[in-house]
Amino acid sequence: MNTKLWSNIVKEALDKTLLVGKFFCALHVTNTYLFTPAYVFGPSMLPTFNISGDFVLAEKISPRFGKVCLNDVVLIRSPEDPRKIVTKRIVGMEGDNVTYSINPESDDSFKTVVVPKGHVWIEGDNKYMSRDSKDFGPVPYGMIVGRIFWKVLPFESFGSAVKKRIV
C-alpha cells in the first residue's frame with residue numbers, strides 16, 4: 001500500500017513538472033519568434049509614447065521576413081550600446097534619400113544621405129531629444145528586433161499602437 005501511494009505521488013509530480021516545462025517552452029518560442037512585450041519610455045518618441053512609459057507588444061515575424069515599412073515603429077538594438085533595445089520610427093528604407101536637420105535646435109542646415117542596401121534610417125518622433133540615425137547613421141536591417149503593433153498600458157491608449165508620424 002505504501003509503495004502504491006508513493007508511486008501515485010511521483011507520477012503526479014512528474015505530470016505537473018512536464019506541464020510546467022511545456023508551458024515554459026511555449027512561452028520561450030512565443031517570446032523569441034512570434035511577439036514580445038516591451039516597456040518603452042523616454043523623451044525620444046514623444047508624442048507617440050509617454051515619457052513615463054508605455055507597455056506595448058511587438059511582433060517579430062515582419063522583421064524576420066523583411067516586411068517592415070516606412071513609418072513603422074520598431075524595437076531596434078542600439079548601435080551605440082548593443083545591450084540596449086531602443087524604440088524608433090523607420091523614416092527611410094534602402095535606396096531612399098533622407099534629408100535631415102544636422103542640429104534642429106540651433107540652425108537650419110540640412111544634409112541628405114542615401115540609405116545603403118540592407119539598412120534603414122530610424123528617427124525618434126521628438127527630433128529635439130532623440131539619438132538616432134542623425135547621430136550614428138543608417139542601421140543594419142538585422143538589428144531590428146520587432147515591430148510595435150499594440151499598446152497595452154496605459155489603458156486610455158489601449159489599442160492599435162502606432163499612428164502616422166506627426167511632423
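In this predicted model, Pro47 lies in the loop that runs between strands β1 and β2, and the peptide bond that joins Leu46 to Pro47 is cis, with an omega of about 0°.

The pairing of the strands can be followed from β9. Strand β9 (residues 144-153) runs antiparallel to strand β2 (residues 54-59), and the two are joined by five bridges; within this pair, Phe55 stands opposite Leu153 of β9. Strand β9 also pairs with strand β3 (residues 73-77), again in the antiparallel sense, over three bridges, and here Leu75 is the residue that stands opposite Gly146 of β9.

Asp54 belongs to strand β2. With a relative accessible area of 1%, Asp54 is buried, because the value falls under 20%. The side chain of Asp54 is joined to that of Asn50 by a polar contact of 2.7 Å. When neighbours within four places in sequence are left aside, the contacts of Asp54 include Ala38, Tyr39 and Val40, together with Thr48 and Phe49. Lys151, Leu153 and Pro154 are also among the residues that Asp54 touches.

Ser78 is situated in the loop between β3 and β4, and at 6% relative accessibility this residue, too, counts as buried, because the value is under 20%. The side chain of Ser78 reaches the backbone nitrogen of Glu80 at a distance of 3.2 Å. Beyond its neighbours within four places in sequence, Ser78 is in contact with Lys84, Val86 and Met143.

Val86 has a relative accessibility of 23% and so counts as partly exposed, a value that lies between the limits of 20% and 50%. Apart from neighbours within four places in sequence, Val86 makes contact with Val74, Leu75 and Ile76, as well as with Ser78. The C-alpha atoms of Val86 and Met45 are separated by 10.0 Å, and these two residues are 41 residues apart along the chain.

Val86 also has a place in the description of the largest pocket, being one of the residues that lie nearest its centre, a group that also holds Phe41, Ser44, Thr87 and Lys88. The space in this pocket comes to about 520 Å³, and its lining is made up of 23 residues. Two elements, β1 (35-40) and β4 (85-92), each give two or more residues to that lining, and the largest share, four residues, comes from β4. Sorted by class, the lining of the largest pocket has 12 nonpolar residues, six polar residues and five charged residues.

Terms used
Residues are numbered from 1 along each chain as its sequence is written. This is a predicted model: local features need pLDDT of at least 70, side-chain atom pairs count only at pLDDT 80 or more; totals for chains, interfaces and linings use all residues. Side-chain values use heavy atoms; hydrogens and water are left out. Two strands pair if DSSP finds at least two bridges between them. On a 1 Å grid over the protein atoms alone, a cavity is a set of points where a 1.4 Å probe fits but cannot get out, and a pocket is an open set with protein on both sides within 12 Å along at least five of seven lines; lining residues have an atom within 4 Å of a point. Grid points are joined across faces, edges and corners, and a volume is the space filled by probe spheres set on the points. Ala, Val, Leu, Ile, Met, Phe, Trp, Tyr, Cys and Pro count as nonpolar, Asp, Glu, Lys and Arg as charged, and the others, Gly among them, as polar. Buried means under 20% relative accessible area, exposed over 50%, partly exposed in between (1.4 Å probe, protein chains only). Contact means heavy atoms within 4.5 Å. A polar contact is a pair of N or O atoms within 3.5 Å; within protein, one must be able to donate a hydrogen and the other to accept it, and residues adjacent in sequence count only if both atoms are side-chain atoms.
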